[in-house]
Amino acid sequence: MSKIQVMCVLVVLFGACSSMREGSTGRSQGDVLTAEEIATTTALTAYDAISLRRPFFLKSRGTRSLREAPVGQSVEYPVVYLDRMYFGDLESLKNISVTTIDEIRYLDFNAATVQFGTGHSGGIILIITKR
């Protein structure tokens, strides 16, 4: 390989390695809704803000079992935590004013289990309020 080819390879490698922002975990920011982003909407409640900017937070995550679900068995929806304390189901989001919110974060099943224990197969919508 010539020196030019080696330099091109090194530039590509170092460019790819440095593409993450400083302090970034490499995880997509699609699972976070910030107060700044909420402020650009007409939302009055947390439910409104999520519906407008991250509607996938509100979607069901399937049935509770891999086996065929019995008739009438509900699917799993995320539950809501407010400042790391259980707050309620998705309807409870309608009781949280956007003026109090610092960020809204969606935790999938795995992250919810690690942080809050079992029983969150639909995930968690975590609301962090302004201090």
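Helices (H or I, at least four residues) and strands (E, at least two) are DSSP runs, numbered from the N terminus. The model treated here is predicted.

**Exercise 1. The hairpin turn**

Solution. 
- Take the backbone next. Arg84 has a positive phi of about 70°, although it is not a glycine.
- Arg84 has 41% relative accessibility, so it counts as partly exposed.
- Compare Asp83, which lies in the loop between β2 and β3. Asp83 is not a glycine either, yet its phi is positive, about 50°. With a relative accessible area of 25%, Asp83 is partly exposed.
- β2 and β3 form a hairpin with two residues between them.
- Finish with the pairing. β2 (residues 79–82) and β3 (residues 85–88) run antiparallel, joined by three bridges. Leu82 stands opposite Met85 in β3.

**Exercise 2. The sheet**

Task: Which order do the strands take in the sheet, and which strands stand at its edges?

Solution. 
- Count the elements. The protein chain has four helices and five strands.
- Read them along the sequence. The pattern is α-β-α-α-β-β-β-α-β.
- Now read across the sheet. The order is β1-β4-β5-β2-β3, in an open sheet of five strands with mixed pairing.
- Find the edges. β1 (32–34) and β3 each have a single partner strand, so one side of each is left without a neighbour in the sheet.
- Neighbouring strands are turned by 25° against each other on average, direction ignored.

**Exercise 3. The cores**

Task: Which residues have the most contacts inside the largest nonpolar core?

Solution. 
- Begin with burial overall. Of the 131 residues in the protein chain, 31% are buried.
- Recall the background. In soluble globular proteins, nonpolar side chains tend to be buried together.
- Take the largest core. It has 18 residues, and those with the most contacts inside it are Ile50, Leu93, Ile101, Ile104, Ile125 and Ile127.
- Assign elements. α3 (46–53), β4 and β5 each give two or more residues to this core.
- Follow Ile50. Leaving out residues up to four places away in sequence, Ile50 touches Leu33, Pro55, Phe57, Leu58, Leu93, Ile104 and Ile125.
- Separate the second core. It has eight residues, including Tyr81, Ala111, Ile124 and Leu126.
- Check the range of contacts. Among contacts between residues at least 6 apart in sequence, 56% join residues at least 24 apart.

**Exercise 4. The aromatic rings**

Task: Why is the pair of Tyr81 and Tyr86 edge-to-face?

Solution. 
- Start with the search. Four aromatic pairs are found in the whole structure.
- Get the geometry. The ring centres of Tyr81 and Tyr86 are 5.7 Å apart and the planes stand at 85°.
- Apply the cut-offs. Centres must lie within 6.5 Å, and planes over 60 degrees apart count as edge-to-face. The planes of Tyr81 and Tyr86 stand at 85°, so the pair is edge-to-face.
- Tyr81 is buried, at 9% relative accessibility. Tyr86 is exposed, with a relative accessible area of 54%.
- Note other ring contacts. Phe56, Phe57 and Tyr106 form one aromatic cluster. Lys94 lies over the face of Tyr47, 4.8 Å from the ring centre.

Terms used:
Residues numbered from 1 in each chain as written. Predicted model: local features only at pLDDT ≥ 70, side-chain atom pairs only at ≥ 80, totals over all residues. Heavy atoms only, no water. Pairing = 2+ DSSP bridges. Axes fitted to C-alpha atoms, helices over the stretch in contact; angles between N-to-C directions. Core = buried A, V, L, I, M, F, W, Y, C linked by side-chain atoms within 4.5 Å. Buried < 20%, exposed > 50% of the residue type's maximum accessible area, 1.4 Å probe, protein only. Contact = heavy atoms within 4.5 Å. Phe/Tyr/Trp six-rings, centres within 6.5 Å; stacked < 30°, edge-to-face > 60°. Lys NZ or Arg CZ within 6 Å of the ring centre and 35° of its normal.
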